[in-house]
Amino acid sequence: MPILQTSNLTKLFGNRLIALNGVNLTVEEGSVFGLLGPNGAGKTTLMKLLLGLQTPTAGKVEMFGQRMSPNAAHLRQRIGYLPTNPKFPPTMTPITYLDLVGQLFGMGSEERKPRLASLIRAVDLLPAASRPIKSFSTGMTTRLGIAASLMNDPGFLIWDEPTAGLDPAGRKYTLDLLSELGKTKTIMVSSHILSDIDRVCDHVGILHDGKLIFCGSVRALKETIGRNSVEIELDGAESLLDAFCLRLGSLTEIVGFERKGAYLEVRFAVTERIAAPLGRLLLLAAEMGVEILSISSTRGQTEDAFIHLLEADQAHGFSRAYGALPPTTHGLERPVPGGTPRPE
Amino acid sequence: MASSALFQAELLALSRSWVLRGWLIALALTEFFMLSSTLLQSHVKPTPASGILAAHLNGFLLVWSLVIIVLGAGSISMESDVISDSILSRACTRTQYIAAKLLSRAFVVLGIYLISSGIAGYCAWRFASNDMTLSTLSAGILVVGLAVLLLLALGIALSVLFNNTIFAVVGMPLLWYVASPIFSFIGADYLSPASLTRNLPRILKDPDAPLLLQGTATTTSLTLAFSKSLDPQTAEDPANYALEGENGAAYTARTAVYDKTRTSVILGGLYLPSGGTVKVMVRNVTDAGGVAISPAADTMTVTIPPAPPGAGTLPRSAGVAPTGGSLPSAAAPTSPGNSAGSTGSPAPVGGASASSGSLPSSRASSAASSSPTQPVADTSAGGIVPRVVQCTATTSSLKVDFSTEMDPKDAETVENYVIENPTGQTHPAVAAVYNTATHSVLLSGLHLSLDDPVKVTVRSVRDKNGSPISSRANSAVYSEVTVWKYVLGFGIPTLLVSLLAMVWFSRRDL
């Protein structure tokens, strides 16, 4: 059952800027949906439209089967929103602000107070709980935003670039939290950091210049590049590594490789089921005494796929006018990069 | 719950606002200094309470309007990002939010305004010459309060419309002050703050405050006619009447008798110089409802008729003294210039009567009205000369009501009526028709604008007995200044602007 569905969602700002262009998007309940796109692609605008903070120029947003609007408080009651670089009332403290948020969600004092206390503790803001928000760093404000988005224990989380401005530890904790929350909640998270999306999301949409150029599972995204590759970190003498690379050429499943120092990127002939050829590669390494420090197979693929899709979209040129992506339920049908011809 | 939470949060935010704190401090200081100086001044020169309060309310509206504008205009535009991220992305509607903004600011601003005007109203009521009633006081405070609310609502509406706070703050005063001539031009003066400022004293002032209309004198008595019924207790206290002769000599009446039917007071036991004048000042006389006589009409100069030919007269400059030694000392002039004179001839009719010191009021009145020395102008039936009671106007006609039956020939002479507006522009009537039954004249063929008061002055019109109209009550002013027009003039736009702000805010992207 879709929690979120948009149809032909379009947003123009005062006839000056086309922020979104006919976005058709569906997010199924229980999924962790990543919204990818370069800066200025329209991710934040899309999220604000989903929440009713902005009104679409054309098209519509349906949340939980009902149309979203600026006054649809009952729909936002079930959503937890974390804006990118959030701004909160500067004179309020985390306690007073979360208390207000709890009241807005209709929570009684008995439920509200323990909840805000546990959330403040969870996001590590206890020492700053009585300080005015205006004295907070970006990271602290983001953590407060995370707490606010969880205040009502929503079933659907919309987080806009949650790792922006966070230090490495904060970023790790946030991604861990997303992974954990993803087990019980539906999540939509936007980012331009591919590895974050790759790590926590099972489905992904890619926005480019206001257009949704891909919507589907992460696996389907990787498949769009039409090849599978792994990056292997090797350890051993230089001569040994050279010999290993020479022997790789004898494996028929490997169509190419490139070595950069200790890192070796290997491309397989098959696009699926790479376990068998990878197994043979590992056996070869063991046979030759080459130590393998790490194997990375996804990061590069996602980046490649993303860039491939952006380039493909650019390459379509004027024909993009007829390349509208049909409404897609991710994971249920195979996405078509660049969309499909509009039925006339 | 969301609405009350938002309301409380807004109140909390306002309480931490330095604009509000600064305003409170400045308001308290200016209120203290303005009120104390005004009240001190009113002891030197009596000032009507309506004037004091009107000055205060106008000052509040004009001086503090900028603060109110800042409070309103900065409410949305200064924090649109914060609103979006922290409030409206949660479970509340735009309507709830903007309503909380409006109500919290209205609560604070009106609260401050009511406390401020309440203090000023009490001080004016208590320490100045009160010419207001509770209802006029409330009406004045209500109307200015509505203007304050309109200002606030306009500020919030502009704040919703424009992202730039400075634009809203600068644009708002322009709109507010430029509006007056525009409203006047389109004939909607009641929407204009300038019109309210101009008419506020009239709104505050009790329209039924007693007025001293007419004074007639003999050498021994003085008859004062008032515009309405008086409180007998205050009216019959001789101490409430100060009489001052031409040379500064003070006279004190021994008796003051209130004639309820004629709403007049006869001061007896006097010994006034014939042919001279005496200035009468009425103080602390109230009407039945306790409203003091209007300071604007509590003083007049009365001419004492000259002695009849052949009768002995007192020289005006020498002052007067009782003959026969029977006049109580209180009736003698207390001025040094007058007290020395005691060689005058016997006083005329009135003087002789008063010399007994115990003339009943009815007799005194009768003596005054029948005195042959009275000029024709002051000898109408009952001793009260005809006067203009009131006038009512439309844009093309004006009706003047007289207190008694007038001479139709005089009354129907259009040249006898001067119709003018506050700027002095006159409006000649084409025709005048007298109605005997209602004692009124209908002047027609006029082209009046009723945005401003219309004043009619009647000249050379006599009653049926030939008495000319009172020079003290020969004019009347018609004004469409009514409280309900201002209530609607400011109240309806306040509601409309608030609704528009809500609609705009509901459609606005954040």
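Which is the crossing of H1(B) and H6(B), left-handed or right-handed?

Modeller: The crossing of H1(B) and H6(B) is right-handed; a crossing bears that name if the near helix is turned clockwise from the far one by less than a right angle, and is left-handed if the turn is anticlockwise. The model is a predicted one, in which local features need pLDDT of at least 70 and side-chain atom pairs count only at pLDDT 80 or more, while totals for chains, interfaces and linings use all residues. Residues are numbered from 1 along each chain as its sequence is written, and chains are lettered from A and ligands numbered from 1 in the order in which they are written.

The geometry of this pair comes next. The axes of H1(B) and H6(B) approach within 8 Å and cross at roughly 45°; axes are lines fitted to C-alpha atoms, for helices over the stretch in contact, and angles run from 0 to 180 degrees between N-to-C directions. H1(B) is therefore oblique to H6(B), where angles under 35 degrees count as roughly parallel, over 145 as roughly antiparallel, 65 to 115 as roughly perpendicular and the rest as oblique. Helices and strands here are DSSP runs numbered from the N terminus, a helix being H or I with at least four residues and a strand E with at least two.

On the H1(B) side, the contact is made by B:Ala2, B:Ser3, B:Leu6, B:Phe7, B:Glu10, B:Leu11 and B:Leu14. H6(B) contributes B:Gln96, B:Tyr97, B:Ala99, B:Ala100, B:Lys101, B:Leu103, B:Ser104 and B:Val108. Two residues are in contact if their C-beta atoms, placed from the backbone, lie within 7 Å. By class, this contact holds 10 nonpolar, three polar and two charged residues; Ala, Val, Leu, Ile, Met, Phe, Trp, Tyr, Cys and Pro count as nonpolar, Asp, Glu, Lys and Arg as charged, and the others, Gly among them, as polar.

H6(B), which spans residues 94–127, also meets helix H4 (residues 65–77) of chain B, with axes that come within 11 Å and cross at roughly 165°. H4(B) and H6(B) are therefore roughly antiparallel to each other, and H4(B) passes H6(B) in a right-handed crossing. From H4(B), B:Ile68, B:Leu71, B:Gly72 and B:Ser75 take part, and from H6(B), B:Lys101, B:Arg105 and B:Val109. Three nonpolar, two polar and two charged residues form this contact.

In total, 23 residues of chain B are in contact with 23 residues of chain A. On the chain B side, helix H1 (2–15), helix H5 (80–88), H6 and helix H15 (483–507) each give two or more residues, and the largest share, six residues, comes from H5(B). That side divides into 10 nonpolar, six polar and seven charged residues.

Beyond its neighbours within four places in sequence, B:Ala153 is in contact with B:Leu102, B:Thr494, B:Val497, B:Ser498 and B:Ala501.

Finally, the whole chains give the setting. Chain B has 15 helices and 15 strands, and 47% of its 510 residues are buried. Of its contacts between residues at least 6 apart in sequence, 74% join residues at least 24 apart. Chain A comes to 11 helices and 14 strands, with buried residues making up 45% of its 344 residues.

Note on methods. Buried ≥ 20, exposed ≤ 12 C-beta atoms within 10 Å, placed from the backbone.
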